[in-house]
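The following questions and answers examine how the secondary-structure elements of one chain are arranged. Please consult the sequence and the model shown here.

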Amino acid sequence: MATVSDRVANIRSKNAGPYWLTIDIFCGDTHVYQQMMQELSKELIASIYQVPLDTLKRFEIPSLNVIKFSFPRNTVQGARLDRDMHGAQMSVLLAEHKIDN
Amino acid sequence: MSTRVLVPSGVLGLGFDHNALAAGIEAKPDIIAIDGGSTDSGPFYLGTSSSKYSRASCKAEWKALLKAREVAKVPLVITSCGTCGTDAMVDWMLEITRELAIELGLKLKVATLYSEQKIDVIKNQLLAGKINPLQPIINIDAESIDSIDHVVALAGAEQINAAIQTGADVVLAGRATDTAGISAMALARGEHAGAAWHAAKITECGALCSTHPTSGVVAVDIDATGFSVWPLAEGARCTPHSVSAHMLYENADPHTLYEPGGALQVEQSHYESVDAVKVRVTGSEWLESDQYTVKLEGARVVGFQSTLMAILRDAHYVKNAKAWVARISNFLVKEVASRMQLEADDYKIEIRLIGVDATLGELETKQSIPTEVGVLVLVTAMTQELSEEIAKMIDPFLLHYPLTDNEALPTFAFPYSPARTNRGALYEFCLNHIMVLDEPMQAFRLTTHELNN
(Lines give C-alpha, C1' and ligand atoms only; values in the text may rest on other atoms or scores of the structure.)
Protein backbone atom coordinates (compact mmCIF):
# COMPACT_ATOMS: atom_id res chain seq x y z
CA MET A 1 0.00 0.00 0.00
CA ALA A 2 1.35 3.42 -0.96
CA THR A 3 1.85 6.27 1.48
CA VAL A 4 1.20 9.97 0.90
CA SER A 5 4.94 10.60 0.61
CA ASP A 6 5.21 7.97 -2.15
CA ARG A 7 2.87 10.14 -4.22
CA VAL A 8 3.74 13.78 -3.49
CA ALA A 9 6.93 15.76 -4.13
CA ASN A 10 7.44 17.03 -0.58
CA ILE A 11 5.69 17.42 2.76
CA ARG A 12 6.91 19.77 5.47
CA SER A 13 5.58 21.02 8.79
CA LYS A 14 6.63 23.96 10.95
CA ASN A 15 5.35 26.20 13.70
CA ALA A 16 3.53 29.30 12.52
CA GLY A 17 4.25 31.18 15.74
CA PRO A 18 4.16 29.40 19.12
CA TYR A 19 0.48 28.50 18.95
CA TRP A 20 -0.03 27.11 15.43
CA LEU A 21 1.31 24.28 13.35
CA THR A 22 1.20 24.40 9.57
CA ILE A 23 1.69 21.55 7.10
CA ASP A 24 2.51 22.15 3.42
CA ILE A 25 1.93 19.35 0.92
CA PHE A 26 3.72 20.01 -2.38
CA CYS A 27 1.98 17.63 -4.77
CA GLY A 28 4.38 18.17 -7.69
CA ASP A 29 1.87 18.10 -10.55
CA THR A 30 -1.81 18.66 -11.28
CA HIS A 31 -2.63 14.97 -11.43
CA VAL A 32 -1.30 14.24 -7.93
CA TYR A 33 -2.82 17.52 -6.69
CA GLN A 34 -6.28 16.44 -7.89
CA GLN A 35 -5.78 13.03 -6.30
CA MET A 36 -4.62 14.52 -2.96
CA MET A 37 -7.55 16.97 -2.97
CA GLN A 38 -9.76 13.88 -2.71
CA GLU A 39 -7.56 11.99 -0.22
CA LEU A 40 -6.57 14.70 2.22
CA SER A 41 -9.74 15.89 3.87
CA LYS A 42 -9.97 18.04 6.98
CA GLU A 43 -11.47 15.04 8.76
CA LEU A 44 -8.41 12.93 7.96
CA ILE A 45 -5.97 15.55 9.27
CA ALA A 46 -8.07 16.10 12.41
CA SER A 47 -7.97 12.38 13.07
CA ILE A 48 -4.21 11.91 12.41
CA TYR A 49 -3.22 14.87 14.58
CA GLN A 50 -6.03 14.52 17.13
CA VAL A 51 -7.14 18.14 16.76
CA PRO A 52 -10.64 19.66 16.65
CA LEU A 53 -12.19 20.15 13.21
CA ASP A 54 -13.60 23.61 13.90
CA THR A 55 -10.20 25.31 14.23
CA LEU A 56 -8.50 23.31 11.47
CA LYS A 57 -7.93 25.32 8.28
CA ARG A 58 -7.42 23.86 4.83
CA PHE A 59 -6.08 25.89 1.91
CA GLU A 60 -5.90 24.87 -1.75
CA ILE A 61 -3.26 26.59 -3.87
CA PRO A 62 -3.62 25.22 -7.41
CA SER A 63 -0.94 27.52 -8.87
CA LEU A 64 1.64 25.66 -6.74
CA ASN A 65 -0.15 22.29 -6.63
CA VAL A 66 -0.09 22.74 -2.87
CA ILE A 67 -2.55 21.78 -0.15
CA LYS A 68 -1.92 23.41 3.21
CA PHE A 69 -3.34 22.66 6.65
CA SER A 70 -3.01 24.88 9.74
CA PHE A 71 -4.28 24.18 13.24
CA PRO A 72 -3.58 25.27 16.83
CA ARG A 73 -0.86 23.10 18.36
CA ASN A 74 -2.00 20.44 20.82
CA THR A 75 0.67 21.70 23.19
CA VAL A 76 1.95 25.25 23.00
CA GLN A 77 5.50 25.40 21.65
CA GLY A 78 7.98 24.86 24.49
CA ALA A 79 5.34 23.96 27.10
CA ARG A 80 6.19 21.11 29.48
CA LEU A 81 4.56 18.46 27.33
CA ASP A 82 5.85 19.70 23.98
CA ARG A 83 8.01 17.12 22.22
CA ASP A 84 8.99 18.91 19.02
CA MET A 85 10.01 22.57 19.58
CA HIS A 86 9.91 23.53 15.89
CA GLY A 87 7.04 21.23 14.88
CA ALA A 88 9.10 20.11 11.91
CA GLN A 89 8.84 16.35 12.56
CA MET A 90 5.05 16.42 12.77
CA SER A 91 4.78 16.10 8.98
CA VAL A 92 5.95 12.46 9.08
CA LEU A 93 2.58 11.34 10.41
CA LEU A 94 0.89 12.55 7.25
CA ALA A 95 3.80 11.47 5.03
CA GLU A 96 3.47 7.90 6.32
CA HIS A 97 -0.31 7.81 6.08
CA LYS A 98 -1.43 4.94 3.83
CA ILE A 99 -3.64 5.64 0.82
CA ASP A 100 -5.55 3.26 -1.42
CA ASN A 101 -4.16 4.09 -4.85
CA MET B 1 11.73 55.24 -8.43
CA SER B 2 12.68 51.95 -6.97
CA THR B 3 14.12 50.85 -3.64
CA ARG B 4 16.77 48.13 -3.59
CA VAL B 5 17.01 46.11 -0.36
CA LEU B 6 19.89 43.73 0.32
CA VAL B 7 19.05 40.88 2.73
CA PRO B 8 22.26 39.08 3.78
CA SER B 9 20.53 36.12 5.44
CA GLY B 10 17.44 34.98 7.33
CA VAL B 11 19.00 35.65 10.71
CA LEU B 12 22.25 37.01 12.11
CA GLY B 13 24.23 34.04 13.44
CA LEU B 14 23.33 31.53 10.75
CA GLY B 15 26.02 32.52 8.27
CA PHE B 16 26.02 33.69 4.66
CA ASP B 17 28.12 33.43 1.51
CA HIS B 18 30.71 36.26 1.65
CA ASN B 19 31.15 36.38 -2.13
CA ALA B 20 27.38 36.76 -2.48
CA LEU B 21 27.44 39.61 0.05
CA ALA B 22 30.17 41.35 -1.97
CA ALA B 23 28.09 40.91 -5.14
CA GLY B 24 25.13 42.38 -3.28
CA ILE B 25 27.12 45.46 -2.28
CA GLU B 26 28.27 45.91 -5.89
CA ALA B 27 24.58 46.03 -6.84
CA LYS B 28 24.36 49.31 -4.82
CA PRO B 29 21.48 48.67 -2.43
CA ASP B 30 19.55 51.51 -0.77
CA ILE B 31 19.44 49.65 2.54
CA ILE B 32 20.82 46.44 4.09
CA ALA B 33 18.30 44.68 6.34
CA ILE B 34 18.67 41.53 8.41
CA ASP B 35 16.58 39.95 11.13
CA GLY B 36 18.10 38.82 14.42
CA GLY B 37 15.29 36.94 16.05
CA SER B 38 12.36 34.59 16.16
CA THR B 39 10.17 32.72 18.61
CA ASP B 40 11.07 29.57 16.72
CA SER B 41 13.52 28.17 19.24
CA GLY B 42 11.12 28.43 22.16
CA PRO B 43 10.21 30.64 25.11
CA PHE B 44 13.57 30.35 26.95
CA TYR B 45 15.22 33.24 25.10
CA LEU B 46 12.45 35.77 25.79
CA GLY B 47 12.02 34.42 29.34
CA THR B 48 15.71 34.92 30.11
CA SER B 49 16.28 37.90 27.77
CA SER B 50 19.15 36.13 26.02
CA SER B 51 20.43 35.24 22.56
CA LYS B 52 20.22 31.78 21.02
CA TYR B 53 23.25 32.40 18.83
CA SER B 54 26.74 32.80 20.26
CA ARG B 55 28.18 36.26 20.72
CA ALA B 56 31.20 35.22 18.64
CA SER B 57 29.01 34.18 15.67
CA CYS B 58 26.94 37.35 15.85
CA LYS B 59 30.03 39.54 16.17
CA ALA B 60 31.86 37.88 13.26
CA GLU B 61 28.84 38.26 10.96
CA TRP B 62 28.07 41.78 12.16
CA LYS B 63 31.67 42.72 11.44
CA ALA B 64 31.28 41.57 7.83
CA LEU B 65 28.03 43.54 7.54
CA LEU B 66 29.51 46.72 9.05
CA LYS B 67 32.40 46.49 6.58
CA ALA B 68 29.96 45.97 3.71
CA ARG B 69 27.91 48.96 4.91
CA GLU B 70 31.03 51.10 4.94
CA VAL B 71 31.39 50.42 1.21
CA ALA B 72 27.69 50.86 0.41
CA LYS B 73 27.23 53.92 2.70
CA VAL B 74 23.55 53.08 3.26
CA PRO B 75 21.60 52.25 6.44
CA LEU B 76 22.22 48.82 7.97
CA VAL B 77 19.20 47.63 9.95
CA ILE B 78 18.89 44.66 12.26
CA THR B 79 15.51 43.83 13.78
CA SER B 80 14.73 41.58 16.79
CA CYS B 81 18.26 41.84 18.19
CA GLY B 82 19.52 38.80 20.13
CA THR B 83 16.72 36.35 19.20
CA CYS B 84 14.07 37.78 21.55
CA GLY B 85 14.42 41.53 20.93
CA THR B 86 14.33 42.65 24.56
CA ASP B 87 15.93 45.96 25.62
CA ALA B 88 18.95 44.12 27.04
CA MET B 89 19.51 42.39 23.70
CA VAL B 90 19.41 45.72 21.82
CA ASP B 91 22.08 46.96 24.24
CA TRP B 92 24.02 43.70 23.68
CA MET B 93 24.12 44.43 19.94
CA LEU B 94 25.06 48.05 20.73
CA GLU B 95 28.02 46.81 22.77
CA ILE B 96 29.12 44.51 19.94
CA THR B 97 28.76 47.41 17.50
CA ARG B 98 30.77 49.69 19.80
CA GLU B 99 33.61 47.13 19.98
CA LEU B 100 33.61 46.69 16.21
CA ALA B 101 33.55 50.45 15.58
CA ILE B 102 36.80 50.70 17.54
CA GLU B 103 38.33 47.57 15.95
CA LEU B 104 37.49 48.73 12.43
CA GLY B 105 38.10 52.43 13.08
CA LEU B 106 34.55 53.39 12.03
CA LYS B 107 32.63 56.48 13.06
CA LEU B 108 28.99 55.46 13.27
CA LYS B 109 25.69 57.03 14.14
CA VAL B 110 23.57 54.28 15.71
CA ALA B 111 19.84 54.39 16.50
CA THR B 112 18.51 51.93 19.06
CA LEU B 113 14.79 51.15 19.00
CA TYR B 114 13.38 49.52 22.13
CA SER B 115 10.31 47.24 22.04
CA GLU B 116 10.11 45.89 25.57
CA GLN B 117 6.96 46.66 27.55
CA LYS B 118 6.67 47.38 31.26
CA ILE B 119 4.38 44.92 33.05
CA ASP B 120 2.43 47.80 34.67
CA VAL B 121 1.78 49.37 31.28
CA ILE B 122 0.53 46.05 29.89
CA LYS B 123 -1.73 45.64 32.91
CA ASN B 124 -3.21 49.12 32.46
CA GLN B 125 -3.68 48.60 28.75
CA LEU B 126 -5.48 45.31 29.46
CA LEU B 127 -7.79 47.00 31.96
CA ALA B 128 -8.39 49.79 29.42
CA GLY B 129 -9.53 47.23 26.85
CA LYS B 130 -6.58 47.95 24.56
CA ILE B 131 -5.29 44.37 24.55
CA ASN B 132 -7.25 41.81 22.54
CA PRO B 133 -6.71 38.06 22.18
CA LEU B 134 -5.86 36.28 18.94
CA GLN B 135 -6.83 32.68 18.13
CA PRO B 136 -6.25 30.34 19.92
CA ILE B 137 -7.25 32.36 22.98
CA ILE B 138 -4.72 32.34 25.82
CA ASN B 139 -6.38 33.67 28.97
CA ILE B 140 -4.67 36.46 30.86
CA ASP B 141 -5.79 38.77 33.64
CA ALA B 142 -4.23 41.60 35.62
CA GLU B 143 -2.99 39.12 38.22
CA SER B 144 -1.38 36.58 35.88
CA ILE B 145 0.39 39.38 33.99
CA ASP B 146 2.50 39.99 37.10
CA SER B 147 4.18 36.60 36.66
CA ILE B 148 5.48 37.43 33.13
CA ASP B 149 9.25 37.88 32.98
CA HIS B 150 9.47 39.83 29.72
CA VAL B 151 6.93 41.29 27.30
CA VAL B 152 7.87 42.67 23.89
CA ALA B 153 5.73 44.36 21.26
CA LEU B 154 6.49 43.65 17.61
CA ALA B 155 7.43 46.86 15.84
CA GLY B 156 6.32 47.45 12.28
CA ALA B 157 7.68 49.58 9.45
CA GLU B 158 6.66 52.89 11.10
CA GLN B 159 8.97 52.47 14.09
CA ILE B 160 11.87 51.24 11.93
CA ASN B 161 11.41 54.28 9.72
CA ALA B 162 11.47 56.57 12.74
CA ALA B 163 14.87 55.04 13.55
CA ILE B 164 16.16 55.34 9.97
CA GLN B 165 14.97 58.95 9.77
CA THR B 166 17.32 59.96 12.61
CA GLY B 167 19.98 59.71 9.90
CA ALA B 168 21.51 56.64 11.56
CA ASP B 169 24.12 54.57 9.76
CA VAL B 170 23.08 51.56 11.81
CA VAL B 171 19.68 50.74 13.32
CA LEU B 172 19.55 48.22 16.17
CA ALA B 173 15.88 47.37 16.70
CA GLY B 174 14.25 45.35 19.41
CA ARG B 175 11.50 42.88 18.61
CA ALA B 176 9.86 43.63 15.28
CA THR B 177 7.95 41.61 12.72
CA ASP B 178 10.29 39.57 10.50
CA THR B 179 9.35 41.82 7.58
CA ALA B 180 9.49 45.33 9.10
CA GLY B 181 13.18 46.04 8.50
CA ILE B 182 12.94 45.00 4.85
CA SER B 183 9.72 46.83 3.96
CA ALA B 184 10.36 50.05 5.92
CA MET B 185 12.40 52.20 3.56
CA ALA B 186 10.37 51.27 0.48
CA LEU B 187 7.18 52.25 2.31
CA ALA B 188 8.68 55.56 3.46
CA ARG B 189 9.67 56.33 -0.13
CA GLY B 190 6.14 55.69 -1.35
CA GLU B 191 6.68 52.45 -3.23
CA HIS B 192 3.68 50.14 -3.64
CA ALA B 193 2.69 49.04 -0.12
CA GLY B 194 1.51 45.57 -1.13
CA ALA B 195 4.73 45.03 -3.06
CA ALA B 196 6.87 46.25 -0.15
CA TRP B 197 5.30 43.89 2.41
CA HIS B 198 5.16 40.97 0.01
CA ALA B 199 8.81 41.49 -0.97
CA ALA B 200 9.69 41.55 2.71
CA LYS B 201 7.86 38.31 3.47
CA ILE B 202 9.50 36.57 0.52
CA THR B 203 13.02 37.68 1.50
CA GLU B 204 12.79 37.55 5.31
CA CYS B 205 14.53 34.14 5.35
CA GLY B 206 17.21 35.28 2.89
CA ALA B 207 17.91 32.79 0.12
CA LEU B 208 15.26 30.35 1.36
CA CYS B 209 13.15 31.77 -1.49
CA SER B 210 15.77 30.58 -4.00
CA THR B 211 17.15 27.29 -5.27
CA HIS B 212 20.22 27.63 -2.95
CA PRO B 213 18.68 28.19 0.50
CA THR B 214 21.93 28.15 2.52
CA SER B 215 23.71 30.81 0.44
CA GLY B 216 21.89 33.52 2.40
CA VAL B 217 22.07 36.67 0.34
CA VAL B 218 19.16 37.98 -1.76
CA ALA B 219 18.30 41.36 -3.23
CA VAL B 220 14.91 42.83 -4.04
CA ASP B 221 13.84 45.90 -6.01
CA ILE B 222 10.54 47.34 -4.80
CA ASP B 223 8.80 49.92 -7.01
CA ALA B 224 5.44 51.53 -7.76
CA THR B 225 3.80 48.41 -9.18
CA GLY B 226 5.58 45.34 -7.78
CA PHE B 227 8.93 43.85 -6.85
CA SER B 228 11.74 41.82 -8.44
CA VAL B 229 13.80 39.40 -6.36
CA TRP B 230 17.03 37.54 -7.09
CA PRO B 231 19.72 35.65 -5.16
CA LEU B 232 23.36 36.78 -5.18
CA ALA B 233 25.18 33.46 -4.80
CA GLU B 234 26.85 31.88 -7.82
CA GLY B 235 24.50 29.37 -9.42
CA ALA B 236 21.46 30.29 -7.29
CA ARG B 237 18.15 31.15 -8.96
CA CYS B 238 14.75 32.46 -7.95
CA THR B 239 11.88 30.76 -9.76
CA PRO B 240 8.16 31.58 -9.64
CA HIS B 241 7.78 28.38 -7.62
CA SER B 242 10.62 29.04 -5.15
CA VAL B 243 9.35 32.59 -4.60
CA SER B 244 5.62 31.95 -4.31
CA ALA B 245 6.17 28.86 -2.14
CA HIS B 246 7.93 30.97 0.48
CA MET B 247 4.65 32.75 1.28
CA LEU B 248 3.54 29.43 2.83
CA TYR B 249 6.54 29.18 5.11
CA GLU B 250 5.82 29.46 8.85
CA ASN B 251 2.59 31.23 7.98
CA ALA B 252 -0.76 29.73 9.02
CA ASP B 253 -2.60 31.50 6.18
CA PRO B 254 -0.87 31.35 2.76
CA HIS B 255 -2.81 34.30 1.34
CA THR B 256 -2.71 36.80 4.20
CA LEU B 257 0.01 38.25 6.41
CA TYR B 258 -1.03 40.48 9.31
CA GLU B 259 1.27 43.37 10.12
CA PRO B 260 0.99 46.46 12.32
CA GLY B 261 -1.47 48.76 10.57
CA GLY B 262 -2.92 46.33 8.08
CA ALA B 263 -2.72 43.08 6.19
CA LEU B 264 -0.97 41.87 3.06
CA GLN B 265 -3.16 39.97 0.57
CA VAL B 266 -1.38 37.88 -2.07
CA GLU B 267 -4.19 35.79 -3.53
CA GLN B 268 -4.16 37.84 -6.75
CA SER B 269 -0.35 38.08 -6.98
CA HIS B 270 1.30 37.18 -10.25
CA TYR B 271 4.79 35.66 -10.44
CA GLU B 272 6.94 35.51 -13.56
CA SER B 273 10.58 34.91 -14.42
CA VAL B 274 12.32 38.05 -15.72
CA ASP B 275 15.57 36.28 -16.56
CA ALA B 276 17.45 33.15 -15.48
CA VAL B 277 17.68 34.18 -11.83
CA LYS B 278 15.11 36.93 -11.21
CA VAL B 279 11.37 36.78 -10.51
CA ARG B 280 8.93 39.70 -10.86
CA VAL B 281 5.84 39.81 -8.63
CA THR B 282 2.83 42.10 -9.14
CA GLY B 283 -0.75 42.27 -7.93
CA SER B 284 -0.10 42.09 -4.17
CA GLU B 285 -2.46 44.18 -2.06
CA TRP B 286 -2.13 46.03 1.23
CA LEU B 287 -5.35 46.49 3.19
CA GLU B 288 -5.01 49.16 5.84
CA SER B 289 -6.76 48.41 9.13
CA ASP B 290 -8.94 50.85 11.10
CA GLN B 291 -6.78 50.56 14.20
CA TYR B 292 -3.01 50.45 14.54
CA THR B 293 -2.19 47.29 16.50
CA VAL B 294 1.04 45.54 17.47
CA LYS B 295 1.42 41.91 18.46
CA LEU B 296 2.68 41.08 21.94
CA GLU B 297 4.92 38.23 23.07
CA GLY B 298 5.50 37.25 26.68
CA ALA B 299 7.27 34.46 28.52
CA ARG B 300 7.29 33.38 32.14
CA VAL B 301 8.66 30.70 34.45
CA VAL B 302 6.28 27.81 35.09
CA GLY B 303 8.65 25.55 37.05
CA PHE B 304 12.16 24.18 37.23
CA GLN B 305 13.43 21.03 35.61
CA SER B 306 15.98 18.30 36.20
CA THR B 307 16.53 15.51 33.72
CA LEU B 308 18.03 12.02 33.82
CA MET B 309 19.07 9.80 30.97
CA ALA B 310 19.54 6.03 30.89
CA ILE B 311 19.91 3.66 27.96
CA LEU B 312 18.30 0.22 27.74
CA ARG B 313 20.30 -2.17 25.54
CA ASP B 314 19.25 -5.52 27.05
CA ALA B 315 16.82 -6.97 24.46
CA HIS B 316 14.36 -8.08 27.15
CA TYR B 317 14.02 -4.48 28.40
CA VAL B 318 14.08 -2.95 24.94
CA LYS B 319 11.17 -5.15 23.93
CA ASN B 320 9.21 -4.34 27.08
CA ALA B 321 10.26 -0.70 27.46
CA LYS B 322 6.72 0.70 27.63
CA ALA B 323 5.63 -1.80 30.27
CA TRP B 324 8.78 -1.01 32.24
CA VAL B 325 8.00 2.73 32.11
CA ALA B 326 4.46 2.11 33.34
CA ARG B 327 5.78 0.03 36.24
CA ILE B 328 8.61 2.35 37.32
CA SER B 329 6.36 5.45 36.99
CA ASN B 330 3.80 3.91 39.31
CA PHE B 331 6.55 2.95 41.77
CA LEU B 332 8.15 6.43 41.70
CA VAL B 333 4.89 8.22 42.51
CA LYS B 334 4.54 6.13 45.67
CA GLU B 335 8.18 6.61 46.64
CA VAL B 336 8.07 10.39 46.18
CA ALA B 337 4.90 10.53 48.28
CA SER B 338 6.31 8.42 51.11
CA ARG B 339 9.92 9.67 51.15
CA MET B 340 9.33 13.35 50.40
CA GLN B 341 5.70 13.88 51.53
CA LEU B 342 4.83 15.54 48.24
CA GLU B 343 1.36 15.67 46.69
CA ALA B 344 0.91 14.68 43.05
CA ASP B 345 0.38 18.37 42.08
CA ASP B 346 3.74 19.45 43.56
CA TYR B 347 5.82 17.86 40.82
CA LYS B 348 5.65 16.05 37.48
CA ILE B 349 7.74 13.10 36.33
CA GLU B 350 7.53 12.34 32.63
CA ILE B 351 9.44 9.50 31.00
CA ARG B 352 10.01 9.58 27.22
CA LEU B 353 11.39 6.60 25.30
CA ILE B 354 13.82 7.68 22.61
CA GLY B 355 13.65 5.07 19.88
CA VAL B 356 10.00 4.25 20.62
CA ASP B 357 7.78 7.35 20.55
CA ALA B 358 9.67 10.28 22.07
CA THR B 359 8.89 12.64 19.16
CA LEU B 360 5.20 11.97 18.62
CA GLY B 361 3.99 10.41 21.88
CA GLU B 362 0.41 9.17 21.66
CA LEU B 363 0.19 10.20 17.99
CA GLU B 364 2.91 7.69 16.96
CA THR B 365 1.60 5.03 14.58
CA LYS B 366 4.77 3.03 13.89
CA GLN B 367 5.80 0.08 16.00
CA SER B 368 9.14 -1.70 15.77
CA ILE B 369 11.75 -3.10 18.11
CA PRO B 370 14.87 -0.94 18.11
CA THR B 371 18.42 -2.00 19.08
CA GLU B 372 18.38 0.20 22.16
CA VAL B 373 16.08 2.69 23.83
CA GLY B 374 17.00 6.00 25.43
CA VAL B 375 15.07 6.76 28.60
CA LEU B 376 14.70 10.50 29.12
CA VAL B 377 13.25 11.42 32.49
CA LEU B 378 11.91 14.97 32.84
CA VAL B 379 11.28 16.13 36.39
CA THR B 380 9.43 19.43 36.88
CA ALA B 381 8.84 21.10 40.26
CA MET B 382 8.37 24.60 41.64
CA THR B 383 12.04 25.03 42.62
CA GLN B 384 15.33 23.77 41.22
CA GLU B 385 16.24 22.31 44.62
CA LEU B 386 13.07 20.24 44.64
CA SER B 387 13.38 18.97 41.05
CA GLU B 388 17.02 18.02 41.74
CA GLU B 389 16.08 16.24 44.96
CA ILE B 390 13.40 14.24 43.12
CA ALA B 391 15.86 13.43 40.34
CA LYS B 392 18.40 12.19 42.90
CA MET B 393 15.72 10.01 44.42
CA ILE B 394 14.86 8.57 41.00
CA ASP B 395 18.53 7.92 40.10
CA PRO B 396 19.08 4.47 41.75
CA PHE B 397 15.74 3.15 40.51
CA LEU B 398 16.36 4.34 36.97
CA LEU B 399 19.63 2.39 37.14
CA HIS B 400 18.27 -0.86 38.60
CA TYR B 401 14.49 -1.14 38.43
CA PRO B 402 13.36 -4.62 37.24
CA LEU B 403 10.48 -5.41 34.92
CA THR B 404 9.08 -7.97 37.37
CA ASP B 405 9.86 -8.85 40.99
CA ASN B 406 11.20 -12.30 40.20
CA GLU B 407 14.13 -11.50 37.94
CA ALA B 408 17.78 -10.57 38.42
CA LEU B 409 18.43 -6.92 39.22
CA PRO B 410 19.23 -5.12 35.96
CA THR B 411 21.77 -2.29 35.64
CA PHE B 412 21.22 0.00 32.69
CA ALA B 413 23.73 2.24 30.93
CA PHE B 414 24.15 5.77 32.29
CA PRO B 415 25.98 7.87 29.69
CA TYR B 416 27.57 10.26 32.22
CA SER B 417 27.92 11.06 35.91
CA PRO B 418 26.03 12.50 37.63
CA ALA B 419 23.04 11.03 35.81
CA ARG B 420 20.96 14.11 36.67
CA THR B 421 21.22 17.46 34.90
CA ASN B 422 19.62 20.64 36.16
CA ARG B 423 17.94 22.45 33.28
CA GLY B 424 17.08 25.57 35.25
CA ALA B 425 13.74 27.28 34.77
CA LEU B 426 11.08 26.03 32.39
CA TYR B 427 9.50 28.96 30.51
CA GLU B 428 6.23 29.20 28.62
CA PHE B 429 4.86 31.64 26.07
CA CYS B 430 1.89 33.29 27.73
CA LEU B 431 0.60 35.98 25.36
CA ASN B 432 -1.15 35.62 22.02
CA HIS B 433 -2.55 39.15 21.88
CA ILE B 434 -2.49 42.42 20.01
CA MET B 435 -2.33 45.86 21.59
CA VAL B 436 -4.10 48.90 20.11
CA LEU B 437 -1.90 52.00 19.89
CA ASP B 438 -2.97 55.63 19.46
CA GLU B 439 0.12 56.22 17.33
CA PRO B 440 2.92 53.83 16.28
CA MET B 441 5.67 55.15 18.60
CA GLN B 442 3.44 54.93 21.70
CA ALA B 443 4.91 51.61 22.85
CA PHE B 444 8.45 52.12 21.52
CA ARG B 445 11.48 54.24 22.46
CA LEU B 446 14.25 55.57 20.27
CA THR B 447 17.80 56.64 21.26
CA THR B 448 20.76 57.68 19.13
CA HIS B 449 24.47 57.15 19.80
CA GLU B 450 27.61 58.53 18.16
CA LEU B 451 30.24 55.76 18.21
CA ASN B 452 33.97 56.35 18.08
CA ASN B 453 33.64 60.12 17.66
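This is a predicted model: local features need pLDDT of at least 70, side-chain atom pairs count only at pLDDT 80 or more; totals for chains, interfaces and linings use all residues.

Q: How do the residues in the contact of helix 8 with helix 9 of chain B divide into nonpolar, polar and charged?
A: Helix 8 of chain B contributes B:Ala180, B:Ile182, B:Ser183, B:Ala186 and B:Leu187. From helix 9 of chain B come B:Ala193, B:Ala196, B:Trp197, B:Ala200 and B:Thr203. The division of these contact residues is eight nonpolar, two polar and no charged.

Q: Which strands of chain B form the edges of the open sheet of three strands?
A: This open sheet has the order 11-12-15 in chain B, with antiparallel pairing. An edge strand pairs on one side only, and this applies to strand 11 (256–259) and strand 15 (285–288) of chain B.

Q: Which residue of strand 12 of chain B is the bridge partner of B:Tyr258?
A: Strand 11 and strand 12 (residues 262–265) of chain B run antiparallel and are joined by four bridges. The strand 12 partner of B:Tyr258 is B:Ala263.

Q: At about what angle to strand 15 of chain B does helix 9 of chain B run?
A: Helix 9 of chain B lies across strand 11, strand 12 and strand 15 of chain B. Its angle to strand 15 of chain B is about 110°.

Q: What distance separates the centres of domain 1 and domain 2 of chain B?
A: The domain assignment of chain B gives domain 1 as 3–298 + 432–451 and domain 2 as 314–412. Taken over C-alpha atoms, the separation of their centres is 43 Å.

Q: What is the orientation of helix 12 of chain B relative to helix 13 of chain B, and what is the handedness of their crossing?
A: Helix 12 (residues 321–340) and helix 13 (residues 384–400) of chain B pack at about 130°, with axes 11 Å apart. The two helices are therefore oblique to each other. The crossing in which helix 12 of chain B passes helix 13 of chain B is right-handed.

Q: How many nonpolar, polar and charged residues does the contact of helix 12 with helix 13 of chain B have?
A: Among the residues that meet are B:Trp324, B:Phe331 and B:Arg339 in helix 12 of chain B and B:Glu389, B:Met393 and B:Phe397 in helix 13 of chain B. By class, the contact has twelve nonpolar, no polar and three charged residues.

Q: How many charged residues does the contact of helix 3 with helix 4 of chain B have?
A: Helix 3 (residues 55–72) and helix 4 (residues 87–104) of chain B have axes that come within 10 Å and cross at roughly 55°. The residues that meet include B:Arg55, B:Lys59 and B:Lys63 in helix 3 of chain B and B:Glu95, B:Glu99 and B:Glu103 in helix 4 of chain B. Alongside eight nonpolar residues and one polar residue, the number of charged residues is seven.

Q: Which residue of strand 14 of chain B is the bridge partner of B:Val229?
A: An open sheet of ten strands has the order 13-14-10-9-1-2-3-8-4-21 in chain B, with mixed pairing. Strand 10 (residues 226–231) and strand 14 (residues 279–282) of chain B pair in the antiparallel sense over four bridges. In strand 14 of chain B, the partner of B:Val229 is B:Val279.

Terms used. Residues are numbered from 1 along each chain as its sequence is written. Chains are lettered from A and ligands numbered from 1 in the order in which they are written. Side-chain values use heavy atoms; hydrogens and water are left out. Contact means heavy atoms within 4.5 Å. Ala, Val, Leu, Ile, Met, Phe, Trp, Tyr, Cys and Pro count as nonpolar, Asp, Glu, Lys and Arg as charged, and the others, Gly among them, as polar. Two strands pair if DSSP finds at least two bridges between them. Axes are lines fitted to C-alpha atoms, for helices over the stretch in contact, and angles run from 0 to 180 degrees between N-to-C directions. Domain bounds come from an automatic or database domain assignment. Angles under 35 degrees count as roughly parallel, over 145 as roughly antiparallel, 65 to 115 as roughly perpendicular and the rest as oblique. A crossing is left-handed if the near helix is turned anticlockwise from the far one by less than a right angle, and right-handed if clockwise.
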